[in-house]
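Please keep the sequence and the model in view while reading.

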Amino acid sequence: MCHGFDIQGFRQAQTMAFAVDEINRNSKLLPNISLGYSLYDSCVKLGISFRAALSMTSGRGEPFQLNESCYGYPPLLGIVGESTSTHTIAISSILSLYSLPMVSYFATCSCLSDRRQFPSFFRTIPSDAFQVRAMLQILRRFGWTWVGLVISDDDYGHHTAHSFQSDLAKSGGGCLAYIEVLPWGHDVAEIQKIVVKQNVTGLQWIASEAWSTAKVLHIPGYMHFLAGTLGIAIRRGEIPGLRDFLLTIRPDTDTLSTQDNTLVKQFWEQIFRCKFVSGWMEMEGQTQERLCTGNEVLRNKETEFLDLSNLRPEYNVYKAVYALAHALHEHLQCVPGSGPFKGQSCARLQGLEPWQLVYYLQKVNFTTDFGDQVSFDENGDVLPIYDVMNWRWLPDGSTEVTNVGDVKEMAAKVIDLNLDEDKIFWNFESKKPPRSVCSESCTPGTRMARKKGEPVCCFDCIPCSDGKISNGTDLFAIYIFINYSTECTSCPEDFWSNIQRDQCVPKSKEFLSYVEPLGISFTTASLFGALLCTIVLGIFTRHRTTPVVRANNSELSFLILLSLKLCFLCSLFFIGQPRLWTCQLRHAAFGISFVLCVSCILVKTMVVLAVFKASKPGGDSSLKWFGVMQQRGTVVFLTLIQAAVCITWLVSSSPAPHENTEYYSDRIVVECLVGSTVGFGVLLGYIGLLAILSFLLAFLARNLPDNFNEAKFITFSTLVFCAVWIAFIPAYINSPGKYADAVEVFAILASSFVLLLALFGPKCYIILLKPEKNTKKALMGRGSPRS
């Protein structure tokens, strides 16, 4: 006798009786074989469960004869039960010693999947391991990453909590904000402490299968915080004919055993609120309560017992009985000589060992009339499927629990979640799924920085550093934490992060451009210098017959002006994006142009010295070496040397454009590699050699009489020229990228302007402003107040 009577437990027991009766009436399943059963009420007490299990196993060795009445103890093929995980763990540990198959319809602890401890255990309800995975799938569906766990203080609660924490950590699906254990006792203070601590209002609840359909909680007083709950529920099924079977139950049925009659009488008293009178009660006079007649009509009674619209544990009981029956049926189909046991033998019905039935049970595979497939994996777990329930709060204040989808595990452990989100009731003002995160997802261009001492879901968002980006704003990115890294992603070598740090863009290419201020200034100066050379050339051409122009070989003057113009123009090769042809031409044009110019100056200086020497007695012979042809030949020869250097350089190791990423991390410097440093050094050295030689010769002629004073200007111009190029070398070496080109352009323009102004400025001054001095007499110094 138990305290109280569990209507649902009794209905589950009657479902097993119905399944046995239905199988016995099935001509295709176990023909000519009748199944029987015994019912044991454990009263949810472990001690009673143990006694029941031992009672069932103790008589299994009693002999019996086929085709005769079953007397004594018939063979025990299997046990359907227990309901709680704690009791099932204890009982299955004992039954495993006998390899006796046990099929539970309600024990969900994932620990029961351990085949080493429970080799003969099976169940038709999914394991908590799948329940956890199903819950995580719901969390993932709505992007909920910040969750709390409230568990019961038993094996079911603790094992589920362990699985939940483990799977949550493995999947990176979020973080556990807290875990609270609800005591079984009536410790009001402890419960109030938990409620106050967690503030249960305004939360989204996800119910385990243990309470997702518990009607005891479906009352208006709870709906303020429980409405909108999403729950995992045992698969609902339909069992045709069960209602008619239940209606046959009567306390005077002689087909039930005495034990069964006791249970039926308790059920009858519970349903009709009456009492059967026993002999001792009549003797004591305890007959104040309404008496049960046994003729009450069950069909006319509004009771939960006959409400079969929500068969869940009962459906699992039904499948458990059928699983055992199908296992026995497969055993009977065995053909001797092709059996699964030693020597390809088959098990005998008369001597069927429990472990042999475990073998067939492991291979069971059938489909119920409701359309669900029943088979067991290597751990004895059924193909998992759950219904997803939602607690709705109706406008009239009533509540209902509706099915809004299902979740099942497919092949390769892939979980398939089907939800009709339009049917889901959300208990929030927005009527939409809530947000549940410790920290909001980082926006593009930022990265997560873990908060010290807090879970990984709690973080700050800080901007990515230069050259790195983050562009993942997916709400579910935290579920695959490796993709939602705490580090930003570095851009490829030729790319750089944009201002928002959310995209890699091609690096800008840096070179001395025509459109930047420095490039514009150099271009203007270059063109102005070329124009100035053209103007001077025009002046000299117009006044080519005047003494100032004709003095000291006007042909060399024109050649210097032409070379200076080329020098000004060659600086343009250093501006703009470097190309192969510009890289090859820039130094060749620069080197040849300057050598041509300096060669002319050198020859001009040498002519000045020769003329001065010829003016002295006996010096006429020196002029024969400095005739026009000799001067031209010298200039050409000196220039050809530079041309040969340039050709050799271009052929052996030609300059080429190069994209340099070492100077700066955020941009590419496009520069011309000189190719051969030796070639570049010889080119500059040769120019410097001619310039120094010109300077030395001009310096020697600086004190010549006034009619030879052009040597002073050559001295000054070549001195400045040498100074510019000496300063150029360290500046060029230490200037990165486009600034090296800018230094070289500046040196070209500066030296060109110095030569142009120093050599031709005084002559233009005389030609344009002092025409009276542009005479042979004035040029020779005659009529001068000085002797």
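Methionine 102 has phenylalanine 121 in β3 as its bridge partner. The model is predicted: local features need pLDDT of at least 70, side-chain atom pairs count only at pLDDT 80 or more, and totals for chains, interfaces and linings use all residues. Residues are numbered from 1 along each chain as its sequence is written, and side-chain values use heavy atoms, with hydrogens and water left out.

Strand β2 (residues 102-104) and β3 run parallel, joined by three bridges. Both belong to an open sheet of three strands, ordered β1-β2-β3, with parallel pairing. Its edge strands are β1 (79-80) and β3 (121-123), each pairing on one side only. Two strands pair if DSSP finds at least two bridges between them. Helices (H or I, at least four residues) and strands (E, at least two) are DSSP runs, numbered from the N terminus.

Threonine 88 sits in helix α3 (residues 85-95). Is threonine 88 buried or exposed? Threonine 88 counts as buried because its relative accessibility is 0%. Buried means under 20% relative accessible area, exposed over 50%, and partly exposed in between (1.4 Å probe, protein chains only). Beyond its neighbours within four places in sequence, threonine 88 contacts Glu82, Ser83, Met102, Ser104, Ala107, Leu112 and Phe121. Contact means heavy atoms within 4.5 Å.

A second open sheet has five strands. Their order is β6-β7-β10-β11-β12, and the pairing is mixed. At the edges are β6 (206-207) and β12 (415-419), each pairing on one side only. Strands of a sheet pair through backbone hydrogen bonds, either parallel or antiparallel. The table sets out two of the pairings.

| Strand pair | Bridges | Direction | Residue partners |
|---|---|---|---|
| β7 and β10 | Five | Antiparallel | Isoleucine 232 and valine 388 |

β7 is mostly covered, with five of its five residues buried. Helix α4 (residues 128-142) lies across β6, β7, β10 (385-393), β11 (399-409) and β12. Its direction is at about 55° to β12. Axes are lines fitted to C-alpha atoms, for helices over the stretch in contact, and angles run from 0 to 180 degrees between N-to-C directions.

Next come two loop residues. Serine 208 is in the loop between β6 and α7 (223-226). Why does serine 208 count as buried? Serine 208 counts as buried because its relative accessibility is 12%. Leaving aside neighbours within four places in sequence, serine 208 is in contact with Gln131, Met135, Tyr156 and Ile232. Threonine 160 is 48 residues from serine 208 along the chain, and their C-alpha atoms are separated by 9.7 Å.

Arginine 273 lies in the loop between α9 (258-272) and α10 (279-284). Arginine 273 counts as exposed because its relative accessibility is 60%. Not counting residues up to four places away in sequence, arginine 273 touches Trp268 and Arg290. Leucine 291 is 18 residues from arginine 273 in sequence and 8.9 Å from it in space, C-alpha to C-alpha.

Now a helix pair. How do helices α1 (residues 7-24) and α11 (residues 313-332) cross? Their axes come within 9 Å and cross at roughly 35°. The crossing of α1 past α11 is right-handed. A crossing is left-handed if the near helix is turned anticlockwise from the far one by less than a right angle, and right-handed if clockwise.

On the α1 side, the contact involves Gln8, Arg11, Gln12, Thr15, Met16, Phe18, Ala19, Val20, Glu22 and Ile23. On the α11 side are Pro313, Glu314, Val317, Tyr318, Val321, Tyr322 and Ala325. By class, the contact has 11 nonpolar, three polar and three charged residues. Ala, Val, Leu, Ile, Met, Phe, Trp, Tyr, Cys and Pro count as nonpolar, Asp, Glu, Lys and Arg as charged, and the others, Gly among them, as polar.

Finally, the whole chain. There are 21 helices and 21 strands. Of 787 residues, 46% count as buried. Among contacts between residues at least 6 apart in sequence, 65% join residues at least 24 apart. The chain exposes about 40200 Å², and carbon and sulfur atoms supply 58% of that area. Accessible areas come from the Shrake-Rupley method with a 1.4 Å probe; for residues, only the protein chains shown count as cover.
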